[in-house]
Amino acid sequence: MTFDFLFRPTHTAYLRRAAALLEEAQMARIEHQAAAEHHSALARMYAERVRRLENELYRQPRNPETHAPADAATDDRPQLYSLDANRKPGLTSAT
């Protein structure tokens with residue numbers, strides 16, 4: 001028969017190995033697609049966090065009665081990530 005060479009034991013082992021490698025490559029592709037979706041979601045989350053923190057840091061608080069900038073003593077907004085209630089906003093442990 002003309003196609004006997006395809007069904008020899010050495011060729012079937014090669015075909016089984018090629019099929020296993022193909023399945024492994026397909027699984028790796030799926031895993032990497034899932035990881036890419038996860039990283040994309042993290043990137044969007046961090047971009048939103050940066051936007052919120054920038055707004056919090058650079059927003060000029062205004063006194064609603066005079067439309068003038070409010071001083072820090074009258075600012076009753078919660079301090080971000082402050083463990084100490086007496087800690088001044090904007091100061092870090094490095095300063």
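Tutor: Glu48 and Arg51 both lie in helix α1, which covers residues 9-58, and they stand three residues apart, about one turn of the helix; helices here are DSSP runs of H or I with at least four residues, strands are runs of E with at least two, and both are numbered from the N terminus. The model is a predicted one, in which local features need pLDDT of at least 70 and side-chain atom pairs count only at pLDDT 80 or more, while totals for chains, interfaces and linings use all residues. Residues are numbered from 1 along each chain as its sequence is written, and side-chain values use heavy atoms, with hydrogens and water left out.

Glu48 forms a salt bridge with Arg51, with the closest N and O atoms 2.4 Å apart, where a salt bridge means a side-chain nitrogen of Lys or Arg within 4 Å of a carboxyl oxygen of Asp or Glu. Glu48 also forms a salt bridge with Arg52, and here the closest N and O atoms are 4.0 Å apart; Glu48 and Arg52 both lie in helix α1, four residues apart, again about one turn of the helix.

As for solvent, Glu48 is partly exposed at a relative accessible area of 34%, a class that lies between buried (under 20%) and exposed (over 50%), computed with a 1.4 Å probe and protein chains only. Arg51 is likewise partly exposed, at 40% relative accessibility, and Arg52 counts as partly exposed at 46%.

A further salt bridge joins the side chains of Arg59 and Glu56, at 3.4 Å from N to O. Arg59 is partly exposed at 41% relative accessibility, and Glu56 is partly exposed at 24%. Through salt bridges that share partners, Glu48, Arg51 and Arg52 are joined into one network.

Of its 95 residues, buried ones make up 0%.
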